[in-house]
Amino acid sequence: MRWIDTESEAPIIPAESDMRIGIDARIAQYSRGGIRSYVIHLLEALAELDGDGDYRVLYSRRRETPPIDTGFRPVGCWTPSHHALERWALGMEIARLRLDVLHSPDFIPPAFGYGRSVITVHDLNFLYYPRFLTAESRRYYNEQIAWAVERADHILADSYATRSDLVSLLDVPPEMITVIHLAADASFEPSSKDTARQTAMRYGVDPGFLLFVGTLEPRKNVPGLLLAYRILLDRAATDKPLVLVGGKGWLYEEIFERTKVLKLTDHVHFRHEVPSADLPALYTAASVLAMPSFYEGFGLPALEAMSCGTPVVVANRSSLPEVVGEAGLLVDPDSPEEIAEMLDRALNDATLREGLREAGLRRAKAFSWERVARETRAIYESLLN
């Protein structure tokens, strides 16, 4: 299918559908993180569910192509994500589209130019833990969030933990918020032993390693994980390496400093560039996924790991308990000793490992992008009815 520039090549002609939906996908061209994944998977699932619907996908003209071709009509926009004048510039660009509903997956809607507004708030980390952000990032997010939740007609949250945060920190009426849990991509399933081994070896490790997946930033509590791993090595509870998969976020320097101070340079493997296609095999090859985060809006790596049959050890904070349910081991992220103890159990208790594996596979089946699309579309419809 050829992408059509709706501004220069064709006029906007009302479709037969009685609901014209805009989805702002610009962030998916700038970010490689969780919000990009959310946008891509939501668009794909909506196309499967409602392929004949009248959807307009906003993308950045500053990139060569839109982030994904779903068959929905793309609309090129000049306004970049997170620009100081984004609210007003994007509003002027989209006013001609006559949208009934605009969904802003990165939570910042334009100030005008459309009918009803749906925003997705993935987390409020920047309000809970301002020390984990740069000064510039704090200013940007703090200035935007209060206005965004006031402007929105409805808010989607990835978890009940985030819903509770919205109510307690920003006084959002509970009835304005709908929780729609995310899902892992369908590609996340157990790999064969050969595939898992070969993939692990390509990244320089043998199967059985400890795994972390996520951006290297303070709220992920990687320094705490490193301390726990040092304890495991000192107790001879494992001789397997710790593999940290993820790009550098903000204020990541402490992670590398802690690795040197704890004399873990030969034991910890940093892998910053790992294609999504390799992750299922890496999860399968790992003995355990460790996710002792101080805060998560959802915690997708835990769900991905469970989908691949990998035991998970996660923090007992924010959304993680509701994602893993009884299928994972919960730890206090402030206690490296407790993190080490639970990792030890997950590594060395064969009966527990098998139980966690089976429970994780069952738990993961409760999440699907088809359900995300169906429940999201229901919100669009409710706003117009």
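Helices here are DSSP runs of H or I with at least four residues, strands are runs of E with at least two, and both are numbered from the N terminus. With that in hand, take G204: it comes just after helix α6 and has a positive phi of about 85°.

Okay, some housekeeping. This is a predicted model, where local features need pLDDT of at least 70 and side-chain atom pairs count only at pLDDT 80 or more, while totals for chains, interfaces and linings use all residues. Residues are numbered from 1 along each chain as its sequence is written, and side-chain values use heavy atoms, with hydrogens and water left out.

Let's stay with α6, residues 193-202. Which of its residues are buried? A196, T199 and A200, where buried means under 20% relative accessible area, exposed means over 50%, and partly exposed is in between, with a 1.4 Å probe and protein chains only. Those three cover an arc of only 100° around the axis, so they sit on the same side of α6; the arc is taken from the directions between the helix axis and the C-beta atoms. Turn to the face away from that buried side and you find the exposed residues M201 and R202. And what do the buried residues of α6 pack against? That's α9, 279-285, with contact meaning heavy atoms within 4.5 Å.

Now the sheet. It's open, with 7 strands in parallel pairing, and the order reads β3-β2-β1-β4-β5-β6-β7. We call two strands paired if DSSP finds at least two bridges between them. β3 (73-77) and β7 (177-179) are at the edges with a single partner strand each, so one side of each has no neighbour in the sheet. From one strand to the next, the twist averages 25°.

Let's walk along part of that order. β2 and β3 pair over 5 bridges, in the parallel sense, and R56 has R73 in β3 as its bridge partner. Another 5 bridges join β1 to β2, where D24 is partnered with L58. On to β4: β1 (residues 20-24) is joined to β4 (residues 101-104) by 3 bridges, and I21 stands opposite V101.

How many residues of β2 are buried? 7 of the 7, so this strand is largely enclosed by the rest of the structure. D54, R56, L58 and S60 point one way, and Y55, V57 and Y59 point the other.

What lies across this sheet? Axes here are lines fitted to C-alpha atoms, for helices over the stretch in contact, and angles run from 0 to 180 degrees between N-to-C directions.

α14 also meets α1, residues 34-50: their axes come within 8 Å and cross at roughly 80°. That makes the two roughly perpendicular, a label for 65 to 115 degrees. The contact includes Y38, H41 and L42 from α1, and W369, E370 and R374 from α14. By class, it has 9 nonpolar, 2 polar and 4 charged residues. Nonpolar covers Ala, Val, Leu, Ile, Met, Phe, Trp, Tyr, Cys and Pro, charged covers Asp, Glu, Lys and Arg, and polar is the others, Gly among them.

Last stop, H82, in the loop between β3 and α2 (86-94). Its relative accessibility is 30%, so H82 counts as partly exposed. Leaving out residues up to four places away in sequence, H82 touches I27, D106, I108, Y140 and Y141.

Note on methods. Parallel < 35°, antiparallel > 145°, perpendicular 65-115°, else oblique.
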